[in-house]
Amino acid sequence: MLSIRSISRSFKGHQALEDVSFDVRDGLMTGFVGANGAGKTTAMRIILGVLSPDSGEVLVDGRPVTADDRAQFGYMPEERGLYPKMKVHEQLVYLGRLHGVSSARAAARADELLEQLGLTERRDDKLESLSLGNQQRAQIAAALVHEPTALVLDEPFSGLDPMAVETTLGVLRDVARTGAPVLFSSHQLDLVERLCDSLVILAHGQVRAAGTREQIRAAHTRPEWLLETDDAGFVRGIPGIEVIDFDGGHVRFAADSDAHADRVLREALERGTVRSFAPSIRPLTEIFQEVVR
Ligand SMILES: Nc1ncnc2c1ncn2[C@@H]1O[C@H](COP(=O)(O)OP(=O)(O)OP(=O)(O)O)[C@@H](O)[C@H]1O
């Protein structure tokens, strides 16, 4: 597990991070979200040791991170940094070797990643001849070629078409399945909501919410249900229920407990047809806007 503990960092009097703490748990995909300038890249650079914090520390499994740990991390920086004139496969092998992997192992892993990411046909082309989306895929392969023990990716999905997003997602999930913690930043909240096990929401250099989707939802919403029936007006008279939205046969309500919500369902069934009855799940985008305010 990667733990970020009480990290602060300022640039010329501007506080980019203030007492930031969060965990990136093993085997989970953790999404890192926040508006432009919230401090995500700064935090990622500190995790990788590219930048030092003014105070605070990064821990690996509860002990301070070492240079050897960091050499085993996979990192996709905001400023993409591959060699434009070098061939894709050759470059991946070279990067793998820099991380201490044997040529044979790096070549095999590069082949595997290029296949998974749909780049096999471009393996012997120079990076600069690839489209931007394909260069991005090569960047992802570069972060993974040495079979990292932890993965930190700055906006890995930006610029990818929907198919490439799914492919990349599959590849990252495979890495998480090996037990590695995976942290990635993204501005695509719908994507984060769908694919993250856990997330950290940053605003103005501070953590505003962190945890699993369910924990964040639970902390920022009351349980609500949606009922569609012939006439939902009766719901107003049931104790322990607060009607939030009502429109003839459609009602959204908050209930003091599951038992109260069950009572609504039973009564609706006794009265007539129930077209649907389900918990109302608050979209993450709504919670995000509320917590970053
Ligand atoms: N090297 C630097 N020198 C001066 N200011 C910096 C530096 N790096 C970051 N900052 C400032 O720190 C703040 C946080 O920036 P950071 O890049 O970490 O945000 P971010 O959340 O990654 O934003 P984005 O989503 O736009 O990439 C910003 O106000 C930025 O201008």
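I count a residue as buried if 20 or more other C-beta atoms lie within 10 Å of its own. The model I examined is a predicted one.

**Entry 1: the chain as a whole.** By that criterion, I found that buried residues make up 34% of the 293 residues in the chain. I recorded 10 helices and 14 strands. Along the principal axes, the C-alpha atoms fill a box of roughly 70 × 45 × 30 Å. I then turned to contacts with a separation of 6 or more, and noted that 68% of them join residues 24 or more positions apart.

**Entry 2: the six-stranded sheet.** I traced an open sheet of six strands with mixed pairing, and wrote down its order as β6-β7-β8-β3-β9-β10. Which strands stand at the edges? They are β6 (73-76) and β10 (206-212); each has a single partner strand, so one side of each is left without a neighbour in the sheet. From one strand to the next, the twist averages 15 degrees.

I next looked at one pairing within this sheet. Strand β3 (residues 29-33) runs parallel to strand β9 (residues 198-203), and four bridges join the two. For Val33, I identified Ile201 in β9 as the bridge partner.

**Entry 3: helices on the sheet.** I followed helix α10 (residues 284-291), which packs on the sheet and touches β3, β9 and β10. Its direction makes about 35 degrees with that of β9. I also followed helix α8 (residues 213-220), which lies across β9 and β10 and runs at about 120 degrees to β10.

**Entry 4: the ligand shell.** I listed the residues around the ligand as Phe11, His14, Ala16, Gly34, Asn36, Gly37, Ala38, Gly39, Lys40, Thr41 and Thr42. Which element supplies the largest share? I found that it is α1, with three residues. Sorted by class, the shell has three nonpolar, seven polar and one charged residues.

**Entry 5: Leu92.** I located Leu92 in helix α3 (residues 88-98). Is Leu92 buried or exposed? I counted 27 other C-beta atoms within 10 Å of Leu92, so this residue is buried. Setting aside residues up to four places away in sequence, I noted that Leu92 touches Ala106, Ala110, Ala141, Ala142 and Val145. I also looked up Gln135, which is 43 residues from Leu92 in sequence and 12 Å from it in space, C-alpha to C-alpha.

Notes: Residues numbered from 1 in each chain as written. Predicted model: local features only at pLDDT ≥ 70, side-chain atom pairs only at ≥ 80, totals over all residues. Pairing = 2+ DSSP bridges. Axes fitted to C-alpha atoms, helices over the stretch in contact; angles between N-to-C directions. Contact = placed C-beta atoms within 7 Å. Buried ≥ 20, exposed ≤ 12 C-beta atoms within 10 Å, placed from the backbone. Near = placed C-beta within 6 Å. Nonpolar A, V, L, I, M, F, W, Y, C, P; charged D, E, K, R; others polar.
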